[in-house]
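Visitor: Could you walk me through this one, a bit at a time?
Guide: Gladly; have a look at it first, and then ask away.

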Amino acid sequence: MKADLELIEEVKHGNKPAFSELVMRYQKKMMRIAFRLTRDLNEAEDVVQDSFIKAYQKLDTFEGRASFKSWLYQITLNTAKNKIRSTSRISVGTDGMSIGVNETMNFDLAEKDVRESLKGEIEKLPQRQRLALTLRVFDDLSFREIAEIMECPYDTAKANYRHALMKLKSKMKGNSNYKFWLERDERSFSERATWATEVDG
Amino acid sequence: MKDLEAWWIDFMEGEIDPKIRKDMQTLLKNSRADQFLLKEYLWLREWIKATDQRTEWSVDRQKSLHDRIMTGVEKKVPATNKGLTV
């Protein structure tokens with residue numbers, strides 16, 4: 001499999017199939033980000049389409065200091081935000097959305113309450129904290145990649161993430177259902193400690 | 001307390017300096033308070049992940065979008081042909 005930079009050079013020399021390879025490589029990831037912001041499948045596809053075309057036209061400005069993935073993510077985020085602004089969306093309903101959020105899972109009310117409360121608290125976070133949090137937890141990006149996308153130092157990206165988590169922990173402490181689930185956890189802590197050390201390693 | 005929480009978040013994310021990682025693992029084994037603190041963050045992270053709003057995106061739609069992008073690209077001039085310096 002060719003590296004991104006190799007494909008980019010080929011595109012710059014007129015090889016359009018090389019760009020097709022980049023599209024196939026990244027369109028799913030970009031769709032996730034676009035959908036998270038637009039909450040509409042058709043609009044998300046428009047955002048991704050516009051983003052790739054912008055990227056194609058601006059390839060000469062890509063200097064390779066950040067990763068191509070980070071660069072694409074930046075373009076997608078900006079395009080999605082512009083789209084949302086231009087459609088003047090205030091609130092997003094669920095009509096007509098084709099979402100598959102764990103459709104086979106049965107939610108009990110307490111669990112649903114925790115999810116909804118947490119979603120609400122995430123929305124209230126300052127924008128940069130929310131962005132760092134979602135890129136890390138939802139998209140599994142490294143802090144280096146997050147820093148590139150947010151155009152900030154590495155430590156700032158980490159700090160935004162930490163502050164987001166600490167704020168959410170503090171807010172969720174007031175949710176009795178969340179406390180219930182936390183205390184209900186019966187898995188031995190040694191399992192979690194092992195997981196944590198594996199992540200660390 | 002906030003500094004300690006920040007350390008455990010870094011530990012959870014694999015961002016701890018290897019030199020102090022071992023010390024933190026020892027602390028974790030011997031301190032119930034730190035065990036609980038780390039557990040809270042691990043749990044919170046899992047809950048946050050579970051709130052991610054995913055979408056069903058069919059293979060047909062993926063292909064259709066890809067084709068639309070390439071059609072759009074066909075109409076555009078590649079950046080280097082505009083005479084811009086790379």
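**Talking through the model**

Guide: Trp43(B) and Trp47(B) both belong to helix α3 of chain B and sit four residues apart, about one turn of the helix; helices here are DSSP runs of H or I with at least four residues, strands are E runs of at least two, and both are numbered from the N terminus. This is a predicted model, in which local features need pLDDT of at least 70 and side-chain atom pairs count only at pLDDT 80 or more, while totals for chains, interfaces and linings use all residues. Residues are numbered from 1 along each chain as its sequence is written, chains are lettered from A and ligands numbered from 1 in the order in which they are written, and side-chain values use heavy atoms, with hydrogens and water left out.

Visitor: Are those two tryptophans buried or exposed?
Guide: Trp43(B) counts as buried because its relative accessibility is 11%, and Trp47(B) counts as buried at 6%. Buried means under 20% relative accessible area, exposed over 50% and partly exposed in between, with a 1.4 Å probe and protein chains only.

Visitor: How many aromatic pairs are there over all chains?
Guide: There are nine aromatic pairs over all chains, where rings of Phe, Tyr and Trp (its six-membered ring) pair if their centres lie within 6.5 Å, and planes under 30 degrees apart count as stacked, over 60 as edge-to-face and the rest as tilted. Tyr26(A) and Phe68(A) are edge-to-face, because their ring centres are 5.9 Å apart and their planes stand at 65°. That pair ties together parts 42 residues apart in sequence, since Tyr26(A) lies in helix α2 (residues 16-38) of chain A and Phe68(A) in helix α4 of chain A. Both Tyr26(A) and Phe68(A) are buried.

Visitor: And how do the rings of Trp43(B) and Trp47(B) pair?
Guide: With ring centres 6.2 Å apart and planes at 35°, Trp43(B) and Trp47(B) make a tilted pair.

Visitor: Which residues form one aromatic cluster?
Guide: Tyr26(A), Phe62(A), Phe68(A) and Trp71(A) do.

Visitor: Changing topic, what does the largest nonpolar core look like?
Guide: It has 47 residues, and those with the most contacts inside it are Leu133(A), Tyr161(A), Leu165(A), Leu44(B) and Ile48(B). A nonpolar core is a set of buried Ala, Val, Leu, Ile, Met, Phe, Trp, Tyr and Cys residues joined through side-chain atoms within 4.5 Å. Helix α3 (residues 32-50) of chain B gives the largest share of this core, eight residues. Apart from it lies another core, of 32 residues, including Val23(A), Met31(A), Phe68(A) and Ala80(A).

Visitor: What is Leu165(A) in contact with?
Guide: Leaving aside neighbours within four places in sequence, Leu165(A) is in contact with Leu133(A), Ile9(B), Met12(B), Tyr41(B), Leu44(B) and Ile48(B), contact meaning heavy atoms within 4.5 Å.

Visitor: Where is Ile53(A) found, and what does it touch?
Guide: Ile53(A) is found in helix α3 (residues 41-57) of chain A, and counts as buried because its relative accessibility is 12%. Not counting residues up to four places away in sequence, Ile53(A) touches Ile69(B), Gly72(B), Val73(B) and Lys76(B).

Visitor: How do α3(A) and α4 of chain B cross?
Guide: The axes of α3(A) and helix α4 (residues 59-74) of chain B come within 9 Å and cross at roughly 35°, the axes being lines fitted to C-alpha atoms, for helices over the stretch in contact, with angles running from 0 to 180 degrees between N-to-C directions. The residues of this contact divide into eight nonpolar, three polar and four charged, where Ala, Val, Leu, Ile, Met, Phe, Trp, Tyr, Cys and Pro count as nonpolar, Asp, Glu, Lys and Arg as charged, and the others, Gly among them, as polar. The crossing is right-handed, that is, the near helix is turned clockwise from the far one by less than a right angle, anticlockwise being left-handed.

Visitor: What about Asp10(B), buried or exposed?
Guide: Asp10(B), in helix α1 (residues 2-12) of chain B, counts as buried because its relative accessibility is 11%. Leaving aside neighbours within four places in sequence, Asp10(B) is in contact with Lys158(A), Arg162(A), Glu15(B) and Ile16(B).

Visitor: And how many helices and strands does chain B have?
Guide: Chain B has four helices and zero strands, and buried residues make up 44% of its 86 residues.
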